Amino acid sequence: MFYNRFKPTITIFIISIDKMFSNQLLLKLEDETDALVIQDDSIEAFFQEIQTNQIPVDGIPIVLVDFVLNTMENHNAKDGLEVMKDIKSLYPDWEVIIMSDLSSTKIKDDSIQSGVLFHVFKNDNTGARIINRIHQIQNGYYLHYKKKMVIISVCVFGVLLSILFLSRSIFYYIG
């Protein structure tokens with residue numbers, strides 16, 4: 001019941017040049033989460049999007065970025081790790097998930113060393129794994145929020161107990 005009252009807004013950005021994959025992922029995420037899902041086909045479009053639209057302050061921004069972002073028209077495009085570093089330098093608290101078609105352990109190792117907490121190999125159950133990860137992120141925020149509430153409650157209880165003890169002492173010395 002308490003969890004339902006604490007549901008931060010989740011904004012998911014999909015940065016992918018693979019239109020068919022990103023469209024399928026967008027539909028799955030919209031169907032199975034209550035997140036706002038935004039799809040971009042380039043890093044430039046992504047940065048344009050976040051500068052023109054306000055991201056909720058109390059929300060959870062998650063970026064799903066393809067490892068390979070170069071196209072025939074743009075051979076010099078950054079890869080997903082470089083994009084992740086750009087995002088993390090501007091928004092260190094944002095969650096970034098790297099997706100790739102390539103089943104290379106080097107990509108996964110490089111991703112983890114660069115600060116990516118989750119790397120997804122794109123296949124038939126990619127959407128389900130990403131949704132599970134989104135729930136893990138959401139639960140982490142919930143636990144962090146609940147921990148803050150417990151600390152605040154303990155502090156308030158301590159202050160009230162101190163006031164009670166102080167008022168009792170004053171009445172004892174006055175009376």
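Modeller: A residue is buried under 20% relative accessible area, exposed over 50%, and partly exposed in between (1.4 Å probe, protein chains only). This is a predicted model, numbered from 1 along each chain as its sequence is written, and local features need pLDDT of at least 70. Side-chain atom pairs count only at pLDDT 80 or more, while totals for chains, interfaces and linings use all residues; side-chain values use heavy atoms, without hydrogens and water.

Colleague: Why is Thr9 called partly exposed?

Modeller: Its relative accessibility is 38%. That value falls between 20% and 50%, so Thr9 counts as partly exposed. Thr9 sits in the loop between helix H1 (2–5) and E1.

Colleague: Which residue lies 26 residues from Thr9 in sequence and 6.7 Å away in space?

Modeller: Ala35, taken C-alpha to C-alpha.

Colleague: What makes up the protein, element by element?

Modeller: There are 6 helices and 5 strands. Helices (H or I, at least four residues) and strands (E, at least two) are DSSP runs, numbered from the N terminus. From that end the order is α-β-α-β-α-β-α-β-α-β-α.

Colleague: How do you know that E1 and E2 pair?

Modeller: DSSP must find at least two bridges between two strands. E1 and strand E2 (residues 36–40) have 5, in the parallel sense, so they pair. Ile12 stands opposite Val37 in E2.

Colleague: What do E1, helix H2 and E2 make together?

Modeller: With H2 covering residues 19–32, they make a right-handed β-α-β unit. The term right-handed applies if, with the strands pointing away from the viewer, the path from the first strand over the helix to the second runs clockwise.

Colleague: How many bridges join E1 to E3?

Modeller: There are 6, and the two strands run parallel. Ile14 faces Leu64 of E3 across that pairing. E3 also pairs with strand E4 (residues 95–100), again in the parallel sense, over 5 bridges. There Val63 stands opposite Val96.

Colleague: Why is E3 called largely enclosed?

Modeller: Of its 7 residues, 7 are buried, so the rest of the structure largely encloses E3. Ile60, Ile62, Leu64 and Asp66 cover one side, with Pro61, Val63 and Val65 on the other. In a regular strand the side chains alternate between the two faces of the sheet.

Colleague: What about E4?

Modeller: For E4, 6 of the 6 residues are buried, so E4 is largely enclosed too. Glu95, Ile97 and Met99 lie on one side. Val96, Ile98 and Ser100 lie on the other.

Colleague: Why does Asp66 count as buried?

Modeller: Its relative accessibility is 2%, which is under 20%, so Asp66 is buried. Asp66 belongs to strand E3 (residues 60–66).

Colleague: Which residues does Asp66 touch?

Modeller: Among them are Ile15, Ile17, Gly80, Met99 and Lys122, leaving out residues up to four places away in sequence. Contact means heavy atoms within 4.5 Å.

Colleague: How do you know that Phe13 and Phe46 are edge-to-face?

Modeller: A pair of aromatic rings is described by the distance of the centres and the angle of the planes. Rings of Phe, Tyr and Trp (its six-membered ring) pair with centres within 6.5 Å; planes under 30 degrees apart count as stacked, over 60 as edge-to-face and the rest as tilted. The search of the whole structure finds 5 aromatic pairs. Phe13 and Phe46 show 5.2 Å and 85°, so they are an edge-to-face pair. The pair links distant parts of the chain, 33 residues apart: Phe13 is in strand E1 (residues 10–15) and Phe46 in helix H3 (residues 43–52).

Colleague: Why is the pair of Phe46 and Phe47 called edge-to-face?

Modeller: The centres are 5.0 Å apart and the planes stand at 65°, so the pair is edge-to-face.

Colleague: Buried or exposed: which are Phe46 and Phe47?

Modeller: Phe46 has 0% relative accessibility, so Phe46 is buried. Phe47 has a relative accessible area of 17%, so Phe47 is buried as well.
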